[in-house]
Amino acid sequence: MGLTDGPFAVLLGVLGLVAFTACVVLLPRVAGRGPRQVAARAGLVVGAQSIVVFAVLVAVNSSFGFFGSWADLLGTDKSRVRVVGGAAVAAPPAAAQPSLRPTSDALSRALSPKDGRLDAVVFHGLRSGVTATGYVYLPPQYTRRAYRHRRLPVVLVLTADVRGTLTRLRLPAVAAGQIAGGAVQPTVYVLMSPVGACVDVPGGQQANTFFAEDVPMAVATSYRVAQDGPGWGVIGDASGGYCAAKLALRDGDRFTAAASAASSYGAPPGDLYGDRYGRSTAIQHENDLLWTLGHRPPPPAHLLVLTAGGTGEAARRLTALVRPPTSADSLTVHGGGALPTWQRDLPAVLRWLSGRLSPEN
């Protein structure tokens, strides 16, 4: 029985209740000062408490997904697997591709089947060396016969509040409704938190490589989805908004469209550019989207620049620099700067992205 299986947690809860009841009933029967009585009382108390504590820990792990299996808990899981149509199969050699390992938690199990499927996953970036958790949402059409030969487009969702995007914004349910109504084509959504300001630090964390190469490759080899740029889009808020725009402007072979709300599109602050390289100005320029739009040939990218919260000035500065073949549309989002507050405008954002992505047959 799996560590995160619901029946296992229920079984432990029942055992905990039985152990507590047994302790209450049997303790008076072993009253006394003899060694046997003392040992019996100690055994009852320690046994009952151990079962109850273990049941609580399993319930917490089941909800938050700290460990996905017994092997994961015990540190004996050495395998790399990928998900294909819901079944785990051996992945190609580690040198061939990044890996995506499925886990399970309360959020992934809570999605109604009519809205599709939500997989909790762990990404291991082969090129970047980054490991991060996320979710892959598969619309109901993914498993339908009519779509069995179609590779669905993908939208990468980058937000610090992934849980809020799933629970308060209810992105899977909204997407499923838009797809059912014909406003949005069947699309897979990959939800993750931004990593390392989306910058490849010289001699350090390769966060841009993780999102531009490792994540798309892991998803494309694990699910029936588009494998090239025309089939991939990205949406992000705050630092995830900067990352979304950067992926479309700098990695157009992987991402053709981006919906972005960020407070700045300049080079992210912090020690990201390598002291041993003299804090390279060239590297900072390459991570400054305003500088690259003004000094580099424009890429064939589609941008939806979102004004949300206090992002108006950043949005104006970015759109003022856009020139063909880059295109930019604007949208004011009602709510704050965080994605989970965009209840009113999320359908419009999803429709804009859907209109610029292409599935593969």
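Guide: We start with a definition: a salt bridge is a side-chain nitrogen of Lys or Arg within 4 Å of a carboxyl oxygen of Asp or Glu. The model is a predicted one.

Visitor: What makes aspartate 161 and arginine 168 a salt bridge?

Guide: The closest N and O atoms of aspartate 161 and arginine 168 are 2.9 Å apart. The limit is 4 Å, so the pair counts as a salt bridge.

Visitor: Why are aspartate 161 and arginine 168 called partly exposed?

Guide: Buried means under 20% relative accessible area and exposed means over 50%, with partly exposed in between. Aspartate 161 has 28%, and arginine 168 has 48%. Both values fall between the two limits, so both residues are partly exposed.

Visitor: How many salt bridges does the structure hold?

Guide: The structure holds eight salt bridges. One of them joins lysine 114 to aspartate 115, with the closest N and O atoms 3.4 Å apart. That distance is within 4 Å, so the label applies.

Visitor: How do you know whether lysine 114 and aspartate 115 are buried or exposed?

Guide: Lysine 114 has a relative accessibility of 63%, which is over 50%, so lysine 114 is exposed. Aspartate 115 has 10%, which is under 20%, so aspartate 115 is buried.

Visitor: Which residues are linked in a network of salt bridges?

Guide: Arg250, Glu286 and Arg296 are linked in such a network.

Visitor: Why do you say that the buried residues of H11 line one face of the helix?

Guide: In helix H11, which covers residues 312-321, Gly312, Ala314, Ala315 and Leu318 are buried. Seen down the axis of H11, the buried residues fall within an arc of 160 degrees, so they line one face. Arg316 and Ala320, on the other side of H11, are exposed.

Visitor: What makes cysteine 198 and cysteine 243 a disulfide?

Guide: The sulfur atoms of cysteine 198 and cysteine 243 are 2.0 Å apart. The cut-off is 2.5 Å, so the pair is a disulfide. By this rule the count comes to one disulfide.

Visitor: Why can the pair be said to tie together parts that are 45 residues apart in sequence?

Guide: Cysteine 198 lies in the loop between strand E7 (188-192) and helix H7 (207-222), and cysteine 243 lies in helix H8 (residues 239-250), so the pair ties together parts 45 residues apart in sequence. Cysteine 198 and cysteine 243 are both buried.

Visitor: Why is leucine 247 called buried?

Guide: Leucine 247 has a relative accessibility of 0%, which is under 20%, so leucine 247 is buried. Leucine 247 is placed in helix H8. From leucine 247 to valine 234 there are 13 residues in sequence, and 7.9 Å in space, C-alpha to C-alpha.

Visitor: What makes E7 mostly covered?

Guide: Five of the five residues of E7 are buried. Val188, Val190 and Met192 are on one side of E7, with Tyr189 and Leu191 on the other.

Visitor: How do you know that E7 pairs with E5 and with E6?

Guide: At least two bridges are needed for two strands to pair. Strand E5 (residues 131-138) has four bridges to E7, so E5 and E7 pair, and they run antiparallel. Strand E6 (residues 154-158) has five bridges to E7, so E6 and E7 pair, and they run parallel. Tyrosine 137 has tyrosine 189 in E7 as its bridge partner, and leucine 158 stands opposite methionine 192 in E7.

Visitor: Why is phenylalanine 20 called exposed?

Guide: Phenylalanine 20 has a relative accessibility of 51%, and the limit is over 50%, so the label is exposed. Phenylalanine 20 lies in helix H1 (residues 6-26). Together with Val24, Val25 and Leu26, Phe20 makes a nonpolar surface patch of about 340 Å². Cysteine 23, with 12%, is under 20% and so is buried.

Conventions. Residues are numbered from 1 along each chain as its sequence is written. This is a predicted model: local features need pLDDT of at least 70, side-chain atom pairs count only at pLDDT 80 or more; totals for chains, interfaces and linings use all residues. Side-chain values use heavy atoms; hydrogens and water are left out. Patches are made of residues with over 30% relative accessible area and no salt bridge: like charges are joined within 9 Å, nonpolar side chains (Val, Leu, Ile, Met, Phe, Trp, Tyr) within 5 Å. Accessible areas come from the Shrake-Rupley method with a 1.4 Å probe; for residues, only the protein chains shown count as cover. Helices (H or I, at least four residues) and strands (E, at least two) are DSSP runs, numbered from the N terminus. Buried means under 20% relative accessible area, exposed over 50%, partly exposed in between (1.4 Å probe, protein chains only). The arc is that of the directions from the helix axis to the C-beta atoms.
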